Structure formats: C-alpha cells, structure tokens
Amino acid sequence: MSFKGFTKAITRAPQSFRQKFKMGEETVDPVYEDAERRFKELEDETKKLSEESKRYSSAVNGMLTHQIGFAKSMEEIFKPISGKMSDPNATIPEDNPEGIEASEQYRAIVADLQETLKPDLALVEDKIIKPCQELLKIITYIRKMATKRNHKKLDLDRRLNTYNKYEKKKEPTAKDEEKMYKAEAEMAVAQQEYDYYNEMLKTQLPILFGLEAQFVQPLFVSFYYMQLNIFYSLYNKFQDMKIPYFDLNSDIIEAFMAKRGNIEEQTDALTITHFKIGYSKAKLEMTRKRYGAAGAGANESDSSGYGSPAMGGAPVYGGAAAGYPGQEQQQQQAYGTAPGQVGYGGMQSPPATGYQQPMSPGAPTGMGIGQPQGYGAPAAAAAAPPAYNNAGMPPTAGSMTAGGETVTALYEYQAQAAGDLSFPAGAVIEIVERTPDVNEWWTGRYNGQQGVFPGNYVQLNKN
C-alpha cells in the first residue's frame with residue numbers, strides 16, 4: 001500500500017465505524033447489492049472448481065504412484081533374508097515366489113496404467129484448470145473495481161454527513177456557512193465519482209452473468225467426460241488383469257480368511273506379541289527410587305541384608321558396589337576365594353555389584369543368594385522375579401502359609417503369564433502363601449482372583 005492509499009484508509013476509518021454501528025446516513029443501492037451477491041457466488045464457485053480439479057488430478061496420479069510403492073513393499077516383505085549379510089555364503093532366502101511374482105506383475109500393470117492416463121490428466125490441466133485460472137484473473141480485476149466503488153461510497157457518505165451537520169445548525173455563523181458550501185462542493189464531486197463506478201458495475205455485471213453459463217457449462221461437461229474416460233480405463237485395466245495369485249471371482253473376505261489360515265493364533269502364541277510396557281516402567285521406576293535411596297547413604301545395605309558384610313556380601317561404599325561389569329570381580333563363583341566373605345550354607349559370596357538376581361529354580365540352596373548381578377547399581381536395588389518351573393508355578397522351596405496376612409501394593413503389576421495376579425498401586429492383597437524373601441514370587445488373592453506376584457512389589461501390613 002502506498003503512502004497515499006494509507007492516508008485515505010485512515011481518513012475513511014471513522015466512516016467505516018459509523019456504518020458498522022448504523023450511525024449517520026448511508027447510501028443504498030438494492031440493484032447493485034443483488035449483483036454483488038451473485039458476483040460473490042461466481043467468485044467462490046470458480047475457486048472451488050479450480051481447486052477440486054487440481055485435487056482430482058493429483059489424487060488419481062497419487063493413487064497410482066502409491067500402488068507402485070505398495071507393490072514394492074510387498075516384494076520386500078515376501079522375500080526376507082536371514083543370516084549374516086557380511087558373509088554372502090550364510091544368507092538364506094526365505095521368500096514366497098508366487099507372492100513376489102504377483103507383486104512384480106501388479107507393479108508393471110499399474111506403471112503401464114499410469115502412462116496410459118497421463119494424456120487424460122494433462123487434458124484436465126489444459127481444459128479445466130487453466131480456463132478456471134483465466135476466469136479467476138478476470139474476477140480479480142472486477143473485484144478491484146468493486147472495492148474501488150465501495151471506497152467511493154464511503155467518501156460520499158462521509159461528505160454527506162459533514163454537509164448535513166452544518167445544514168442542520170439552527171443558528172449557523174459565517175464560518176459555518178463557508179464550511180457548508182465547501183462540504184457541498186466536495187459532496188458533489190464524491191457523488192460523481194461514486195455514480196461512475198456504481199453505474200458501470202450495475203450495467204456490466206449482468207452481462208458477465210450471462211456469459212458465465214456459456215463459460216462454465218462446457219467446463220462441467222468436459223470434466224464429466226474426462227472423469228468417465230479415466231474411470232473406464234482403470235476398470236478395464238484391472239478387469240483384464242490376469243494374475244493367478246489373485247482370484248477375482250471369489251469373495252474378498254472369504255479369500256482373505258482362506259489365505260491367512262491360523263496365522264493369527266500362531267502370532268498370539270508368541271510372548272513378544274503380548275509385551276506390556278507398564279511392567280517394565282514399574283520396574284524401572286522402582287530401581288530408580290531404590291538407587292536414589294541407596295546412593296544417599298554410604299555403607300548401607302538393602303532391607304533383606306543381602307550384600308552386607310554381616311550376610312556374606314561385600315561392603316558398599318557411597319551406594320556403589322565394589323565390582324563393575326567386565327572386571328574380574330564380576331565373575332561370580334559358587335565357592336568364594338576372598339577370605340572373610342562367608343555366605344549362606346558356609347559358602348563364600350563374590351563382591352556385590354548392586355542388582356539382586358533371585359535364585360533360579362533347581363539351583364542348590366545357598367547358590368545365588370548373596371550373588372548380586374547388575375551394572376554398578378546400589379545394593380538396595382530391586383530383584384527381578386524368579387522364573388517359572390515346568391508346572392507353570394514359581395518355586396515353593398522355603399514357602400510358608402500366611403494366616404490372615406495382607407500386603408499393600410507399592411506399584412502396579414500387570415499379569416505377564418497365566419497364573420499371575422494383576423493389581424493397581426495401593427491395592428490391599430490377601431496373602432495365601434509367601435516366602436521369607438521379598439525377591440521371590442508370592443501367592444495372593446485380590447478382587448476375587450488368586451495368583452502369583454513379585455514380592456518386591458508389595459509391603460507387609462502390620463496386624
């Protein structure tokens with residue numbers, strides 16, 4: 001906007017506010033207002049036709065491009081390769097020859113169809129989109145003329161209100177008379193300018209509306225036949241597709257179920273398909289809390305006494321264990337060689353490294369107790385639950401039946417296998433059977449369900 005235009009905009013601003021709040025007199029022309037409404041509809045519809053034509057052309061071309069990419073992806077899925085890629089002799093192709101061949105044939109058909117439809121899509125560009133753009137340019141020029149007419153209307157109303165203000169004074173002074181004559185002259189000039197633009201638009205807009213039908217109708221008919229041609233090309237190409245891998249005469253759902261078979265049941269049988277992130281998050285959070293608690297005080301052991309000098313473990317300094325992964329101290333032995341570190345059963349335990357690993361099923365009593373494993377974590381870190389035995393239940397060695405004991409869940413636990421007991425944090429669980437070690441599996445009852453859960457997820461309640 002030029003400085004002159006900015007100045008005029010500032011001058012017209014008060015009159016714009018007056019008209020917005022219906023203050024003062026306003027020039028009204030119903031004939032022009034009706035033509036303005038029809039012109040606005042023509043402008044909107046032409047923009048919509050141009051945008052939708054572009055969208056249709058892009059959608060058809062994009063669909064074919066995506067189908068080619070889809071076929072390439074299916075080829076890669078059908079031919080996975082196992083073995084070491086660094087050793088060409090170790091690679092074992094595990095492919096589906098029929099599926100790969102079908103994907104290649106389908107990709108070739110879609111690529112050929114994309115080339116076939118290029119002239120039709122180019123025709124949409126030349127006969128629909130470009131004419132719409134030309135019409136929009138004409139509409140833009142007319143819109144500028146209509147904006148000019150509205151500005152002249154604001155100037156006329158402003159001059160008219162100024163003239164009426166002086167004319168309606170009961171006792172005008174000589175200065176008022178002078179201002180009134182000046183306002184009358186300015187009003188006459190503004191009236192002439194307004195009439196010029198207003199009459200021109202009222203006369204020529206109806207002619208444009210008459211030409212609109214002759215311009216838009218051929219576009220609509222042409223676009224209709226272009227879409228029919230594209231549709232029939234797609235239909236005939238895929239109808240004539242002769243790929244044995246696809247049975248076009250069978251029902252889509254029935255063919256899908258037949259090809260899939262029982263693959264869903266086989267997939268559900270894999271443990272990794274039922275991994276729940278909540279359990280890992282809870283363990284991570286518990287480890288962080290206990291690590292922070294242990295790191296706060298030096299020479300402190302966990303609540304069970306493992307890892308302390310009195311119970312056969314190595315001293316912990318500053319919350320860190322004496323051994324680190326990769327060092328000789330990490331090599332745990334059933335019978336210790338360091339004097340003064342006597343564990344359970346008269347056996348010696350290795351230096352503690354922080355993370356307590358519970359005794360696995362079938363291990364001799366005393367082996368594994370006081371043998372921490374981890375990554376330099378504090379001795380007070382939580383232990384992972386023990387593995388299940390062949391019967392699907394945790395080891396029961398040393399277990400004891402609780403009489404009316406209850407515990408409160410410190411963390412939420414989601415069942416990871418059949419027989420596990422799920423519960424939220426804060427739940428009160430009735431103990432059915434437990435061991436003295438909190439780093440083992442306990443049996444409890446909650447919400448009418450009975451199952452096992454890690455003992456380090458709960459805290460015993462005082463009776």
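This is a predicted model: local features need pLDDT of at least 70, side-chain atom pairs count only at pLDDT 80 or more; totals for chains, interfaces and linings use all residues.
In which helix is Ala108 found? Ala108 is found in helix H3, and H3, which spans residues 97–167, has its axis come within 8 Å of the axis of helix H2, residues 30–78.

**Helices H2 and H3**

- The axes of H2 and H3 cross at roughly 160°, and because angles over 145 degrees count as roughly antiparallel, these two helices are described as roughly antiparallel to each other.
- The crossing of H2 and H3 is left-handed, and the residues of the contact between these helices divide into 26 nonpolar, 12 polar and 11 charged.
- Ala108, in helix H3, counts as partly exposed, with a relative accessibility of 47%.
- Ala108 and Ile68 are 40 residues apart along the chain, and their C-alpha atoms are separated by 8.2 Å.
- For residues 32–59, an unreviewed UniProt entry lists a "coiled-coil region"; in the model the chain over residues 32–59 is 100% helix and 0% strand, with the end C-alpha atoms 40 Å apart.

**Helices H3 and H4**

- Helix H4 covers residues 174–239, and its axis and that of H3 come within 6 Å and cross at roughly 165°.
- H3 and H4 are therefore roughly antiparallel to each other.
- The crossing in which H3 passes H4 is left-handed, and by class the contact between H3 and H4 has 36 nonpolar, six polar and 16 charged residues.

**Helices H2 and H4**

- The axes of H2 and H4 come within 10 Å and cross at roughly 20°; because angles under 35 degrees count as roughly parallel, H2 and H4 are described as roughly parallel to each other.
- As for handedness, the crossing of H2 and H4 is left-handed.
- Leu201 lies in helix H4 and has a relative accessible area of 5%, and because buried means under 20% relative accessible area, Leu201 counts as buried.
- Leu201 and Glu36 are 165 residues apart in sequence, and the distance between them in space, from C-alpha to C-alpha, is 8.9 Å.

- Strand E6, residues 441–446, and strand E7, residues 449–454, pair in the antiparallel sense over six bridges.
- Within this pairing, the bridge partner of Tyr446 is Gln449 in E7, and Trp442 stands opposite Phe453, likewise in E7.
- The hairpin of E6 and E7 has two residues between the strands, and in this hairpin Asn447 takes a positive phi near 55°.
- Most residues other than glycine have a negative phi.
- Asn447 has its positive phi of about 55° although it is not a glycine, and this residue lies in the loop between E6 and E7.
- The relative accessible area of Asn447 is 68%, and because exposed means over 50% relative accessible area, Asn447 counts as exposed.

Methods
Residues are numbered from 1 along each chain as its sequence is written. Side-chain values use heavy atoms; hydrogens and water are left out. Axes are lines fitted to C-alpha atoms, for helices over the stretch in contact, and angles run from 0 to 180 degrees between N-to-C directions. Helices (H or I, at least four residues) and strands (E, at least two) are DSSP runs, numbered from the N terminus. Angles under 35 degrees count as roughly parallel, over 145 as roughly antiparallel, 65 to 115 as roughly perpendicular and the rest as oblique. A crossing is left-handed if the near helix is turned anticlockwise from the far one by less than a right angle, and right-handed if clockwise. Ala, Val, Leu, Ile, Met, Phe, Trp, Tyr, Cys and Pro count as nonpolar, Asp, Glu, Lys and Arg as charged, and the others, Gly among them, as polar. UniProt positions are given in the numbering used here, feature names are shortened, and annotations may be inferred rather than shown by experiment. Two strands pair if DSSP finds at least two bridges between them. Buried means under 20% relative accessible area, exposed over 50%, partly exposed in between (1.4 Å probe, protein chains only).
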